[in-house]
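Here is a quick look at one helix pair and some salt bridges. Have the chain open while you read.

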Amino acid sequence: MRRLTALAALPLIALAAQSDQRAPDSVTSALGFLATLDKDRHDRAVMPFDSDYRTLWRYTPATRQGISWKDLDSSQTKLAQDFIRNEVGDLGSLRTELVRKVEQVLAEIEGSPRRDKDNYLITFFGVPSTQGKWGWRYEGHHISLNLTYDGNRRVSSSPQFFGSNPAEVPIGEHKGLRMLAKEEDLAIELLASLTEGQRKIAIISGQAPNEIFTAENQRAARQGDQGITYDQLTPSQQKGLLALIRANAKSQKSPEITRRLTAIEKAGYDKIQFAWMGAPDRSAAHYYRIQGPTFLIEFDNSQNRANHIHLVWRDFEGDFGRDVLKEHYEQHRSDKSHGHDH
């Protein structure tokens with residue numbers, strides 16, 4: 001417990017200072033996987049970067065384009081798993097597998113063939129290259145990871161969505177498993193630490209929504225100017241809020257975590273708002289959001305008697321790399337060394 005308390009006291013970006021040792025660069029890792037696909041699978045796996053489908057992200061059951069685990073043999077499966085781990089790190093990779101594990105649990109609970117742990121797809125947008133823009137998505141029910149690059153430089157890792165139904169597995173081999181426990185528990189602890197006066201500001205409704213407000217929208221809208229701000233919290237509560245933000249950021253590799261948290265810090269902690277709706281604990285439906293000038297986190301656990309979580313990270317100016325790439329290309333429009341001679 002003392003160790004956890006000490007970690008919570010660190011600055012927002014401190015826990016992102018780990019190093020990913022000797023990982024292959026993004027382009028090499030992606031091309032290594034794609035090289036194993038025959039023409040038919042390669043054509044299904046790679047779409048144009050400017051395809052409308054690139055921003056048509058979904059976390060609900062849907063028909064998707066790309067390559068699923070069913071399309072891969074054992075060696076290709078390993079390469080695909082290695083690629084995902086190389087790009088999102090150990091925790092992000094673990095969560096991709098936990099989503100599939102919980103999907104299998106859901107299949108057993110519902111007795112439904114439509115719940116399929118192998119119906120998760122990887123899709124590339126543009127051919128990975130050291131010059132030029134490209135991206136990839138890993139997606140299926142309750143997961144959507146969207147990463148965008150300019151050469152080997154990652155410019156975006158959002159939208160990032162993880163969900164879990166059930167949120168806590170009630171039966172069977174995995175009974176008690178809670179995939180997103182930390183992101184839920186830290187928020188409940190933060191709410192519990194507030195005074196009565198602070199809670200009146202932070203709790204904006206006694207009724208939780210049935211879904212995150214931004215849903216599967218291609219652009220994330222800023223939510224209302226509601227909730228308690230960072231500067232209305234005590235130093236201890238501020239540490240709790242920053243620990244919650246870190247927990248939500250950590251499903252990526254350490255350089256990406258640092259990029260996210262640095263952007264938040266530069267935009268100003270005092271502008272961050274924490275808002276709560278619904279029950280103050282896991283006994284009934286509840287929702288929270290954390291919103292700053294650059295980002296939005298939404299967490300909802302209201303469906304299936306508050307045992308069904310949706311959790312998303314959005315960047316207002318960075319989703320799918322839209323604004324970041326636009327600014328970069330405008331700066332280097334005539335610079336052939338950047339591969340952007342348009």
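## Helix packing and salt bridges

Helix α7 (residues 235-249) and helix α8 (residues 254-267) have axes that come within 10 Å and cross at roughly 145°. Axes here are lines fitted to C-alpha atoms over the stretch in contact, with angles from 0 to 180 degrees between N-to-C directions. Helices are DSSP runs (H or I, at least four residues), and strands are E runs of at least two, numbered from the N terminus. On the α7 side, I245, R246, N248 and A249 meet I257, R260, L261 and I264 of α8, contact being heavy atoms within 4.5 Å. By class, that contact has five nonpolar, one polar and two charged residues.

This is a predicted model: local features need pLDDT of at least 70, side-chain atom pairs count only at pLDDT 80 or more, and totals for chains, interfaces and linings use all residues. Residues are numbered from 1 along each chain as its sequence is written, and side-chain values use heavy atoms, without hydrogens and water.

Now the charges. The model has 22 salt bridges, each a side-chain nitrogen of Lys or Arg within 4 Å of a carboxyl oxygen of Asp or Glu.

| Pair | N to O distance |
|---|---|
| D118 and R100 | 2.6 Å |
| R178 and D185 | 2.8 Å |
| R314 and D319 | 2.5 Å |

R314 and D319 are both buried (under 20% relative accessible area; exposed is over 50%, partly exposed in between, 1.4 Å probe, protein chains only). D185 is partly exposed at 25%. Shared partners link E168, R178, E184, D185 and R282 into one salt-bridge network.

Terms used
Ala, Val, Leu, Ile, Met, Phe, Trp, Tyr, Cys and Pro count as nonpolar, Asp, Glu, Lys and Arg as charged, and the others, Gly among them, as polar.
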